[in-house]
Amino acid sequence: MSVMIRSTGVAIPQRRMENAELAAMVDTTDEWIRSHTGIRCRHIAADGELTSDLAAAAATMALERAGISAREIDLLVLATATPDYLGFPSTACLVQRKIGADGCAALDVVAGCTGFIYALEVAAAMLEARGGRNALVIGAETLTRITDWKDRATCVLFGDGAGAAVLSRIEEGGRGVLKTILGAEGSGAGDLYLVQAPRERSFERSEPIVPRIAMNGQNVYNFAVKTISVLVGRLLHASVYKLEDFAWIVPHQANARIVQAAAKRLGAPEERFYLNLEEYANTSSASIPIALHEMTEKGLLKKGDLVMLIGFGSGLTYGAAAIRW
Ligand code: UT7
């Protein structure tokens, strides 16, 4: 018994913001952003377009492609750092209602940019433990709502979007999700977090608290490069495969330089890593499913291909999965 990704779907907000537009807002340049990150563009959710809207649209597309109805879903696991509501209700429940997956179990996973891989493992383990058939695994974000547009060190990095996958249990062995590694270094929690406290504590304060991203870019960069190399090594060690056996490595799309540095460390060709952050920037938990969907659309993922997913992010969390497509 195994679980496989049966289909994928995406939702990308229409509004595109190129680097030049950002350069007119903060002290930055298209050249700096491209040379330091590889990003040229990001998509921005419209006013009133919520994380649950993007997630529901991506999920609907994935269901259509799988040829199953929402009522056949036993479980909905949604990874996000930007839920519609703080705390509750979960965004997963809102999506469940929007797509009509009545009655299925629904929960959110909070694991920063590693969210999709955490959600994949939670869904796979729960399908197995509870004897379910199909799950929806979604990564969805509206990060531009928590972006500090005055902070050039972070506002150039993030974008909005959602990716979804239908996960199904299969009888066939040796296919689907073969091995997953998850972990976290909570000691680095302060390197990437959401500031939610007022800047100044004052009894007189009347401004609302607006959450915004705070990041120690250098620390996260170093963590990411180290993590990719360590995860690849651990995944190979835990399986019978060699790096050359993998048709594709699909990393979390944070910074092209992170991937280049990790590829160099591993002695792996950069072309083996799939990158699309040029168009979408960093969409956190949505970046890996958006990449997977794009790859299937381009015909890059063929039945039998070995694919490695690698995530890293706030927490600090990390995760990797080996999948036989
Ligand atoms: O999903 C996980 C989330 N986060 C990440 O993966 C991010 C990991 N970190 C990174 O990708 C990189 O550290 C950044 C892209 C955030 C920054 O790149 P960097 O090469 O580490 O730049 P830096 O922070 O060392 O800054 C270099 C210079 C500084 O100026 P000085 O002090 O040398 O004069 C910055 O003030 O670049 C300046 N700078 C900028 N200049 C123009 C920082 N941001 C910008 C900007 N435009 N947007």
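Predicted model: local features only at pLDDT ≥ 70, side-chain atom pairs only at ≥ 80, totals over all residues.
Strand β6 (residues 134-142) pairs with β7 (residues 160-170) in the antiparallel sense, over nine bridges. Within this pairing, Ala-140 stands opposite Ala-162 of β7, and the bridge partner of Glu-141 in β7 is Gly-161. Strand β1 is likewise joined to β7 by nine bridges, and these two strands run antiparallel. Here Ala-11 is the residue that stands opposite Ala-162 in β7.

These pairings belong to an open sheet of five strands, ordered β1-β7-β6-β4-β5, in which the pairing is mixed. Its edges are formed by β1 (2-11) and β5 (105-109), each of which pairs on one side only. On average, and with direction ignored, neighbouring strands of this sheet are turned by 20 degrees against each other. Helix α10 (residues 287-297) packs on the sheet and touches β1, β6 and β7; the direction of α10 makes about 90 degrees with that of β1.

A further open sheet has four strands in the order β8-β13-β12-β11, again with mixed pairing. Its edge strands are β8 (176-184) and β11 (248-251), and each pairs on one side only. Neighbouring strands of this sheet are turned by 15 degrees against each other on average, if direction is ignored. Strand β8 runs antiparallel to strand β13 (residues 317-324), and eight bridges join the two. In this pair, Gly-176 is found opposite Arg-324 of β13. Helix α7 (residues 217-237) lies across β8, β12 (306-313) and β13, and runs at about 145 degrees to β12.

Another antiparallel pairing links strand β2 (residues 15-18) to β3 through four bridges, with Ile-44 in β3 as the bridge partner of Arg-15. From strand β3 (residues 41-44), Cys-41 and His-43 point one way and Arg-42 and Ile-44 the other way; all are buried.

Turning to helix packing, two packed helices are described by the angle between their axes and the distance between the axes. Helix α7 packs with helix α8 (residues 256-266) at an angle of about 40 degrees, and their axes are 9 Å apart. That angle makes α7 oblique to α8. The crossing of α7 past α8 is right-handed. On the α7 side, the contact is made by Tyr-221, Ala-224, Val-225, Lys-226, Ile-228, Ser-229 and Val-232, which meet Arg-257, Ile-258, Ala-261, Ala-262, Arg-265 and Leu-266 in α8. By residue class, this contact of α7 with α8 comprises nine nonpolar, one polar and three charged residues.

Helices α3 (residues 51-66) and α4 (residues 91-99) also pack, at an angle of about 55 degrees and with their axes 9 Å apart. The two helices are therefore oblique to each other, and α3 passes α4 in a right-handed crossing. From α3, Thr-51, Ser-52, Asp-53, Ala-55, Ala-56, Ala-59, Thr-60 and Leu-63 meet Thr-91, Leu-94, Val-95, Lys-98 and Ile-99 in α4. Seven nonpolar, four polar and two charged residues make up this contact of α3 with α4.

Finally, some backbone details in the loops deserve a look. Phe-88 and Pro-89 are joined by a cis peptide bond with omega of about 0 degrees, and Pro-89 sits in the loop between β4 (75-79) and α4. A cis peptide bond also joins Gly-315 and Leu-316, with omega of about -10 degrees; Leu-316 is located in the loop between β12 and β13.

The loop between α9 (277-280) and α10 holds Ala-281, which has a positive phi of about 60 degrees although it is not a glycine. Ala-281 is buried, its relative accessible area being 1%. Ser-284 lies in the loop between α9 and α10 as well. Though not a glycine, Ser-284 has a positive phi of about 50 degrees, and this residue is buried, with a relative accessible area of 3%.

Terms used: Residues numbered from 1 in each chain as written. Heavy atoms only, no water. Axes fitted to C-alpha atoms, helices over the stretch in contact; angles between N-to-C directions. Parallel < 35°, antiparallel > 145°, perpendicular 65-115°, else oblique. Left-handed = near helix turned anticlockwise from the far one by under 90°. Contact = heavy atoms within 4.5 Å. Nonpolar A, V, L, I, M, F, W, Y, C, P; charged D, E, K, R; others polar. Pairing = 2+ DSSP bridges. Buried < 20%, exposed > 50% of the residue type's maximum accessible area, 1.4 Å probe, protein only.
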